[in-house]
Amino acid sequence: MITTTAPKILALDFDGVICNGLKEYFQTTLRTYQKIWSDHSQDNLQNWANSFYQLRPVIETGWEMPILLRALVLEYEKENIESNWHNICAEIVEQENLNKQQVMTALDGVRDHWIQTDLDNWLALHEFYPGVLEKLGKLLDSSTLLYIVTTKEGRFVKQLLKQQNLSFPESNIFGKEVKQPKYETLRQILKDNQETPNHLWFIEDLLKTLNTVKSQEDLTEINLFLADWGYNTVKSHELVKQDSAISLLSLNTFSKDFSKWIDA
Ligand SMILES: [Mg+2]
């Protein structure tokens, strides 16, 4: 009898696992910033690009990005942003009389408008990580079911995959529109497929998200992977190396057979 270690279901995060959208993040953030803050005393917003890229791992959902740029403009120290982002973000939101929903709506509005008016330009700001599309293409032909679980709006993901000619089933893409935490979506995927957690593997680049999945009592048997090529830090790699519930995955290993993934 042939035994296989291939998972029945593989769920992947999108940004920082499949696609590197750092350039798009920054340009969308910049445009959103200019809508929210009309005092254009900062005509050099572009100069913050590198700091923004470096600090991207602190961001959990897109709406925080304009707040991150604001924090840089307000000259919060980088180290402080890195270790204390949650509080700084809340502080700026409060001081500037903003709310999450309003910033999120502005950001998605900028993106939608950009896609409608200059799709090619918008698409060109995205880079797919080397080998990832090829691997997904192969997996789509295999017995493993694929899902994308992302905090980006699903319609943006569909647009990007369509451009790459990857025939990813659209009903298997769960974006921000599902309005629930990722662990809830994973639970739903298991239920829809009548599968048990040990048959589900999940790749994500945000350690905090993996930890929240891990802490769900009914989901502890999901195989969790931190994509080390995404928006995370060496510090989080070190934490994962000491965590038996999460495996650190490199891009090189990702392209290999599933049997190489665990304890790689
Ligand atoms: Mg991600």
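**Reading a bent helix**

Analyst: Helices here are DSSP runs (H or I, at least four residues), numbered from the N terminus. This is a predicted model: local features need pLDDT of at least 70, side-chain atom pairs count only at pLDDT 80 or more, and totals for chains, interfaces and linings use all residues. Residues are numbered from 1 along each chain as its sequence is written.

User: Where is the kink in α4 centred?

Analyst: A bend is the angle between axes fitted to the seven residues ending at a residue and the seven starting there. In α4 a kink of about 100° is centred on Asn84. Just after α4, Asn97 has a positive phi of about 55°.

User: Which residues of α4 are buried?

Analyst: Buried means 20 or more other C-beta atoms within 10 Å of a residue's own, with C-beta atoms placed from the backbone. Trp85, Ile88 and Cys89 are buried in α4. The buried residues of α4 pack against α3 (64-73).

User: How is the chain divided into domains?

Analyst: Bounds come from an automatic or database domain assignment. Domain 1 is 9-20 + 129-260, and domain 2 is 22-123. Their C-alpha centres lie 25 Å apart.

User: How many residues are in contact between domain 1 and domain 2?

Analyst: Contact means C-beta atoms, placed from the backbone, within 7 Å. Here 13 residues of domain 1 are in contact with 10 of domain 2. Helix α8 (residues 154-163) gives the most to the domain 1 side, with 4 residues.

Conventions
Contact = placed C-beta atoms within 7 Å. Helix = DSSP H or I, 4+ residues; strand = E, 2+ residues; numbered from the N terminus. Buried ≥ 20, exposed ≤ 12 C-beta atoms within 10 Å, placed from the backbone.
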